[in-house]
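Please keep the structure open while you read.

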Amino acid sequence: MGPESKASKKKFTALEREREGMRLRMSGLTYAEIGKRLEITEQGAYKAIMRALGKLREKVLEDADQLRALELQRLDVLFNKMYEQAERGNQGAVDRCIRIQERRAKLLGLDMQSDAWGDDSTKEFYKLPADSISPNFMPVYRDIWAAKHREYVLSGGRGSTKSSFASLITIEQLLNNPQVHGLALRQVKDTLRDSVYNQLVWAIDYLSGYFDLEGKFKCTTNPLEITYKPTGQKIYFRGGDDPLKIKSIKPPFGYIGILLFEELDQFRGTAAVRSIVQSAIRGGDHAIQIKVINPPRSRNNWAIKDMEIPNENRLIHRSTYLEVPPEWLGKAFLDEADFLKEINPDAYRHEYMGESIGIGGLVFENVSLRKITDQEINQFDHVLHGLDFGYYPDPAHYARCHYDAARLTLYIFGEMRAWKAANRRIYDLMTAAGLLPSDTLICDSAEPKSIADLREYGAAARGAEKGPGSVEYSIKFLQGLKSIVIDNQRCPHTAEEFLHYEYEQTKDGEYISSFPDREDHAIAAVRYATNLIWRRRGTA
């Protein structure tokens, strides 16, 4: 045999890179790290992995009917060979014929199928359509069906489809296990309806396009609950902030065998999550935990530390939007990601690549203190005004700022703070600080009477648009800015709050992705001032 050609050697190298790249990506390495290992660029590593994922997707989407027909032909050949011996009384041949017939009946769907957990009482066998799963999640899906692990941590940034996959697999497992109920959790119960509940309702609607599920689910908001009517199975919804209600769940039959944790990092630490699992899973031989996490900014968060501890019963899967078919995400999403990557690489790494980029417990690591000149202020054409009401011991705080959308920069150049001040006094102090009658003033909507007073005095005041999760979203918006520039001479209270605001901690000193409701009056006023900006982004 002659020497290997350069072309064949290059092809072999490319295949090896694809395989090794997939292995390294599954182990959690970034594209940059994979590129270094494979001695190629970060972009080259990404392309190699995309090629491998594309091949995997093609394999998954292969025509099942053709494969089934081929398998049946092979079984027919084997059966014909053994049947003559079986007719002559060969007991071994008889047994083999029976096994071939059983396999043939299973391929044709003639027998009642059994589910992944070995319960053969279900009459229907559901598997997610291949085109509903992003290629990067195919190994996880196979692992779940092989029951190799009991706990699955799905970690990823925006657009990685981790929450969609989690909701689809939750509904699938419920359908295939008629004795099993589900429990969906977030740390704060008031955020359940607009997040995990809506996500599961979407999954039901989506799967109804493939399976006969129309009208078979009852989804109610009072109580917040989903019921599969043919069996009476339920998906319960609870908040980690009320552990007694988790303990009090009593399914009418069977047991809770599916736990879905959303926003894992917001729960109150390892011990709190373990307590929830122990309270919920009582009875039954099989259970699955699905934990979804947008990695927090701080590497000191308890969930990040917990993921570093080896656990043979746990599979950790990391994903990004780059592994998702682009048409699933749309041009607007991809353009926004590219823009953030260019203007604020650190925010891009955190929000889209799912990397924890901070250390310690500081919430805002993008604050810059400097004098904002009168000349700069005169050029500001998008001045925002926000008011956080207070009296004593909490003060009223007014913020004046400018948002530069092109540079993702917020300039805070005015404040007013007062204790024990009536609404008229607050209005006078704000006008002295620069508020004009034509300026839109966005206030804490929890004080409608005070807002009405300010309107009567002449202010164009309105309540902030709030909702479950609005505090978290608005703070993440501020964290995602390239810079928050604060004039600490004009705004000393604002500078102090932004510089020292830290994540909440558990009693054991572990950081959690929760924001303290204290020493945040200036921060609240700035959140209200920017309310229409981040609410618009949230809606989009």
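The numbered points below go from the whole chain to single contacts.

1. **Basis.** This is a predicted model, in which local features need pLDDT of at least 70, side-chain atom pairs count only at pLDDT 80 or more, and totals for chains, interfaces and linings use all residues. Residues are numbered from 1 along each chain as its sequence is written, and side-chain values use heavy atoms, with hydrogens and water left out.

2. **Overall build.** The chain has 21 helices and 15 strands. Both are DSSP runs numbered from the N terminus: helices are H or I with at least four residues, strands are E with at least two. Along the principal axes, the C-alpha atoms fill a box of roughly 105 × 70 × 40 Å. Of the 540 residues, 48% count as buried. Buried means under 20% relative accessible area, exposed means over 50%, and partly exposed is in between (1.4 Å probe, protein chains only). The areas themselves come from the Shrake-Rupley method.

3. **Helix α18.** How many of the ten residues of helix α18 are buried? Seven are, so the helix is largely enclosed by the rest of the structure. Helix α18 spans residues 470-479. Its buried residues are Ser470, Glu472, Ser474, Ile475, Phe477, Leu478 and Gln479.

4. **Glu472 and its two partners.** The structure holds 27 salt bridges. The criterion is a side-chain nitrogen of Lys or Arg within 4 Å of a carboxyl oxygen of Asp or Glu. Glu472 pairs with Arg186, with 3.5 Å between the closest N and O atoms. This pair links distant parts of the chain: Arg186 is in strand β2 (residues 180-186), Glu472 is in helix α18, and they are 286 residues apart. Both Arg186 and Glu472 are buried. Glu472 also bridges to Lys476, at 3.2 Å between the closest N and O atoms. Here both residues lie in helix α18, four residues apart, about one turn of the helix. In an α-helix there are 3.6 residues a turn, so residues three or four places apart point the same way. Glu472 has a relative accessible area of 17%, which makes it buried. Lys476, at 32%, counts as partly exposed.

5. **Lys291 and Glu151.** These side chains meet in a salt bridge of 3.1 Å, N to O. Lys291 sits in strand β7 (residues 288-293) and Glu151 in strand β1 (residues 151-156), so the bridge ties together parts 140 residues apart in sequence. Lys291 is buried at 7% relative accessible area. Glu151 is buried too, at 11%. A network of salt bridges links Glu151, Lys291, Asp306 and Arg314.

6. **Tyr321 and Phe333.** A search of the whole structure finds 21 aromatic pairs. Rings of Phe, Tyr and Trp (its six-membered ring) pair if their centres lie within 6.5 Å; planes under 30 degrees apart count as stacked, over 60 as edge-to-face, and the rest as tilted. Tyr321 and Phe333 are edge-to-face, 5.8 Å centre to centre with 70° between the planes. Tyr321 lies in the loop between β8 (314-319) and α12 (326-329), and Phe333 in helix α13 (residues 331-343), so the pair ties together parts twelve residues apart in sequence. Tyr321 is buried, at 5% relative accessible area. One aromatic cluster is formed by Tyr321, Phe333, Tyr348 and Tyr352.

7. **Phe364 and Tyr501.** Their ring centres are 6.2 Å apart and their planes at 20°, so this pair is stacked. It links distant parts of the chain, 137 residues apart: Phe364 in the loop between α14 (345-351) and β9 (367-369), Tyr501 in the loop between α19 and α20. Phe364 is buried at 3% relative accessibility. Tyr501 is buried at 4%.

8. **Ser356.** Ser356 also lies in the loop between α14 and β9. At 15% relative accessibility, Ser356 counts as buried. Ser356 and Arg299 are 57 residues apart in sequence, yet 5.4 Å apart in space, C-alpha to C-alpha.

9. **A charged patch.** Which residues form a negative surface patch? They are Asp394, Glu496, Asp517 and Glu519. Patch residues have over 30% relative accessible area and no salt bridge, and like charges are joined within 9 Å. Asp and Glu count as negative, and the charge is placed at CG of Asp or CD of Glu. Asp517 is in the loop between α19 (492-500) and α20 (521-529). At 70% relative accessibility, Asp517 counts as exposed.

Notes. Patch = residues over 30% accessible without salt bridge, like charges linked within 9 Å, V, L, I, M, F, W, Y side chains within 5 Å. Areas by Shrake-Rupley, 256 points an atom, 1.4 Å probe, with all protein chains shown as cover.
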